[in-house]
Amino acid sequence: MIRHDFNRIDPKRRATIDYKKKQFATPTCKQQDYPHRLSIYHVPPTAEIRLEDFEQWAIDRLRILAEVEACTFRNKTSAETADHIKPLLEKWLRLDPNSSSAQGCTDPRIQDQRRKDHYSHFILRLAFSSTEDLRRRFMRVEGALFRLRFQTENARERQDFVASLSLDWEAVGEQEKRTLAQDLLNATPNLKKADIDDSSWFKVDFETVPELVESRRVFVKGGKAYVPSKEQMSIVFAGFQERLESGLELTARALPRLDEDDRLSPILDHLSKNFATPDSTLADSDTTLPGAPINASSIDQLSKHFPLCMRNLHMTLRRNNHLKHFGRLQYTLFLKGLGLTMEDCLIFWRQSFKLITDDTFNKEYRYNIRHAYGDVGGDSIRRGRGYSPFSCQKILTEHPPGSGESHGCPYRHFSIDNLTSLLQATGIDDRDVLRGVRDDTDKKRYHIACNRVFEWAHKNEIRQVKDDGSWKASELDTIVHPNTYFKRSYLLKAGLAGDSGRIHKGHTEIS
């Protein structure tokens with residue numbers, strides 16, 4: 001009689017193996033510890049978070065990255081960028097050092113801050129790994145943020161962080177230092193002879209530190225660059241960039257698997273679109289302007305403070321006595337955001353449409369204006385008090401203008417010749433500014449072009465509020481909403497930069 005081995009799998013039968021005997025990977029879904037303030041984001045997060053946190057943390061980080069990129073495009077120095085970004089980091093992506101708490105890195109507050117930083121990086125990595133252009137831009141701004149944090153880090157904690165990295169470098173021994181002392185002294189700028197013995201040196205492949213080799217700040221021999229400890233930042237930054245690049249490539253290959261998740265795909269798509277221009281919403285308290293006469297008869301006078309998109313709509317309206325549907329909607333919501341009441345808005349449009357009768361206006365246009373203000377329509381429209389003013393991101397990405405239409409963003413939807421003519425018609429005639437606008441539009445940096453025009457038109461006022469300290473640096477951050485453009489322009493030109501006219505940036509929030 002044949003004895004059966006029941007542990008053996010019959011190839012003709014279905015394999016029914018006890019689930020306890022299956023080989024599983026070790027579960028790693030656990031909370032991670034964050035001993036250092038800095039991170040190279042090598043290990044992805046694995047614990048669960050709420051979907052609301054998933055989106056909000058990514059938005060907060062996107063605010064910072066957008067400002068970092070804007071500072072780069074506006075040719076700000078490292079010191080100016082640090083001063084500009086510091087208050088924004090404290091507000092949206094605060095990271096306290098270990099020395100700020102008696103418990104050190106085990107303080108729950110510090111752990112929560114670093115968890116948000118860790119997760120938000122990998123969420124945006126998912127959003128910006130789909131195309132080569134997004135990956136390149138993400139690497140550039142994340143690298144700039146990492147460099148900024150590294151330079152402002154406490155010296156002791158920075159050294160502990162560097163010691164924890166497994167970077168491909170080799171320490172230079174004392175005997176080798178003495179042998180190459182003269183070469184190191186000749187090749188390294190601002191180096192004294194006593195610094196050779198006192199400083200620690202590292203050998204790395206010269207391709208790892210191209211910026212040091214290019215600027216001739218290191219000694220190269222046998223394919224190795226001899227880097228002093230004071231230039232340690234370049235080695236760490238090169239390691240950060242290398243790991244981030246490989247991580248983005250892996251993420252791009254795994255990205256198609258996320259298409260099946262209906263919860264994450266819309267969020268990631270929204271985030272990637274917002275990388276062009278951060279989206280923003282306008283709170284009701286941000287529409288109040290002390291001393292500003294917001295009524296139907298004052299719009300012509302106030303139009304000199306309008307951004308180019310709204311200035312173009314106003315000029316077209318005055319020239320043709322008419323605007324098509326999306327132009328009327330975009331302009332109506334902008335005027336609503338200024339604080340213009342619905343009654344004044346109806347008066348303004350009726351006076352502007354001079355070529356039609358009252359009956360035609362009441363039949364074809366009156367309802368749409370009331371609907372925009374939330375006076376008529378469904379319950380959701382009335383509860384929400386109508387539609388919100390369009391942000392730059394919405395104007396750039398939705399409803400491109402067709403033939404005979406005037407809405408949209410001139411920096412994106414106009415040809416460069418028509419854009420130049422429009423700018424010159426509004427008083428922008430500086431050649432350097434026009435050349436910079438041309439470069440920005442060619443590189444699809446539309447909001448940077450708009451901010452460039454604003455800064456030139458208000459250069460004297462901006463210099464004044466900076467000199468007297470009446471405005472903080474964070475109150476002059478990048479404009480991403482037409483109503484913010486108007487309010488800032490009005491306050492600067494009207495000289496209301498005191499306490500009663502201070503711009504409260506907390507009311508303009510990126511969503």
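A salt bridge is taken here as a side-chain nitrogen of Lys or Arg lying within 4 Å of a carboxyl oxygen of Asp or Glu. In this predicted model, Asp300 and Arg318 form such a salt bridge, with their closest N and O atoms 2.9 Å apart. The pair links distant parts of the chain, since Asp300 belongs to helix α12 (residues 299-302) and Arg318 to helix α13 (residues 308-320), 18 residues apart. Asp300 is partly exposed, with a relative accessibility of 41%. Arg318 is likewise classed as partly exposed, at 35%.

The chain as a whole contains 25 helices and 6 strands. Of its 511 residues, 47% are buried. When contacts between residues at least 6 apart in sequence are considered, 68% join residues at least 24 apart.

Side chains of opposite charge can pair when their charged atoms come close. Under the criterion given above, the count comes to 27 salt bridges. One of these joins Arg452 to Asp440, with the closest N and O atoms 2.8 Å apart. This pair also links distant parts of the chain: Arg452 is in helix α23 (residues 446-457) and Asp440 in helix α22 (residues 431-442), 12 residues apart. Asp440 has a relative accessible area of 0% and is therefore buried, whereas Arg452, at 24%, is partly exposed. A further salt bridge connects Asp96 with Arg94, their closest N and O atoms being 3.0 Å apart. Asp96 is buried, because its relative accessibility of 8% falls under the 20% limit. Arg94, at 40%, counts as partly exposed. Salt bridges also form a network, in which Arg61, Asp117, Glu142 and Arg149 are linked.

Two packed helices are described by the angle between their axes and the distance between the axes. For helix α4 (residues 132-151) and helix α10 (residues 232-254), the axes come within 10 Å and cross at roughly 145°. The crossing of α4 and α10 is right-handed. On the α4 side, the contact is made by Arg135, Phe138, Met139, Glu142, Gly143, Phe146, Arg147 and Phe150. On the α10 side, the contributing residues are Met233, Val236, Phe237, Phe240, Gln241, Leu244, Glu245, Leu248 and Ala252. By class, the residues of the contact of α4 with α10 comprise 11 nonpolar, 2 polar and 4 charged.

Gln111 lies in helix α3 (residues 108-127) and is buried, because its relative accessibility of 10% is under the 20% limit. Residues up to four places away in sequence being left aside, Gln111 touches Gln32, Asp33, Tyr34, Cys105 and Thr106. The C-alpha atoms of Gln111 and His36 are separated by 9.8 Å, although these two residues are 75 residues apart along the chain.

Notes. Residues numbered from 1 in each chain as written. Predicted model: local features only at pLDDT ≥ 70, side-chain atom pairs only at ≥ 80, totals over all residues. Heavy atoms only, no water. Buried < 20%, exposed > 50% of the residue type's maximum accessible area, 1.4 Å probe, protein only. Helix = DSSP H or I, 4+ residues; strand = E, 2+ residues; numbered from the N terminus. Axes fitted to C-alpha atoms, helices over the stretch in contact; angles between N-to-C directions. Left-handed = near helix turned anticlockwise from the far one by under 90°. Contact = heavy atoms within 4.5 Å. Nonpolar A, V, L, I, M, F, W, Y, C, P; charged D, E, K, R; others polar.
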